[in-house]
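Dear colleague,

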Amino acid sequence: MVSFQTVTADGTGPDAAEWRDLVPQWVLPLVIRVERAAPPGRTDALEAAARAVLVLLTDPRAVDGEWTDAVTAWTDGRIRKVVRRARGAAWRRAAALPGVTVEHGTAELRVYPPVPVDAWPEDLAKLQVAGTELTDETPPPTPAPGTPVLWLNPAVEMTAGKAMAQVGHAAQLVWWRLSDQARVAWQASGFDLAVRTASPERWAALLASDLPVVRDAGFTEIAPGSVTAIADLSIT
């Protein structure tokens, strides 16, 4: 779950963060394919998750179609994201449900329209969520100049599943901040982006910037209020 910068519309009543807690909460399900013999690389999985959120947000069914009401209900709340993993027959069942599959490098991931937090489809609810851990065989390369980068906090340890949710948040915050022109250009690029862990020096500079920041609510793995990711808006 991600928290938002506090905004008060008129100085009375709940601020934006509190208001988001008052509405029914929905969650965006993501399922990463993790076969025993060929698990995806960690960076590929993180980048696939970030792209998947953007693909879902721009899907015609989400913009003006059968998913629109669900997406609106979800974005009115805390934009929760939960990553589960599947393999074999469980993956095939998950892949048969309405959604969008994103392939990126060694990763294959499916994102689904949002659902109420307590009303997951049965074939997704049965999948494991805890302990999704992945590794990279070699360190990822330096992103090309101009590539949007979602930077992870070097001081916060997260499982791959947790980190996938955090970079999904970061990508969504970037999308909300962009102009219409920048959105069109980014979508045309196939949502080119990179996910990297910042050096301590870079992280300090990012914290001092005005870039979109993800603060986790602390329900799983990490302390409440931890800054987990910062999005570098190179595409603007």
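In helix α2, R42, A45, L46, A49, A50, V53, L54, L57 and T58 meet A160, A163, M164, V167, G168, A171, Q172 and W175 of helix α7; contact means heavy atoms within 4.5 Å. The residues of this contact comprise 13 nonpolar, 3 polar and 1 charged, where Ala, Val, Leu, Ile, Met, Phe, Trp, Tyr, Cys and Pro count as nonpolar, Asp, Glu, Lys and Arg as charged, and the others, Gly among them, as polar.

The model is predicted: local features need pLDDT of at least 70 and side-chain atom pairs pLDDT 80 or more, while totals for chains, interfaces and linings use all residues. Residues are numbered from 1 along each chain as its sequence is written, and side-chain values use heavy atoms, with hydrogens and water left out.

Helix α2 (residues 42-58) and helix α7 (residues 160-177) pack at an angle of about 40 degrees, with axes 8 Å apart. Axes are lines fitted to C-alpha atoms, for helices over the stretch in contact, and angles run from 0 to 180 degrees between N-to-C directions. Helices (H or I, at least four residues) and strands (E, at least two) are DSSP runs, numbered from the N terminus.

Q25 is placed in the loop between α1 (16-22) and β2 (26-33). A polar atom of the Q25 side chain lies 3.0 Å from the backbone oxygen of V23, and one lies 3.0 Å from the backbone nitrogen of R78.

The chain as a whole has 9 helices and 10 strands.

With kind regards

Key. A polar contact is a pair of N or O atoms within 3.5 Å; within protein, one must be able to donate a hydrogen and the other to accept it, and residues adjacent in sequence count only if both atoms are side-chain atoms.
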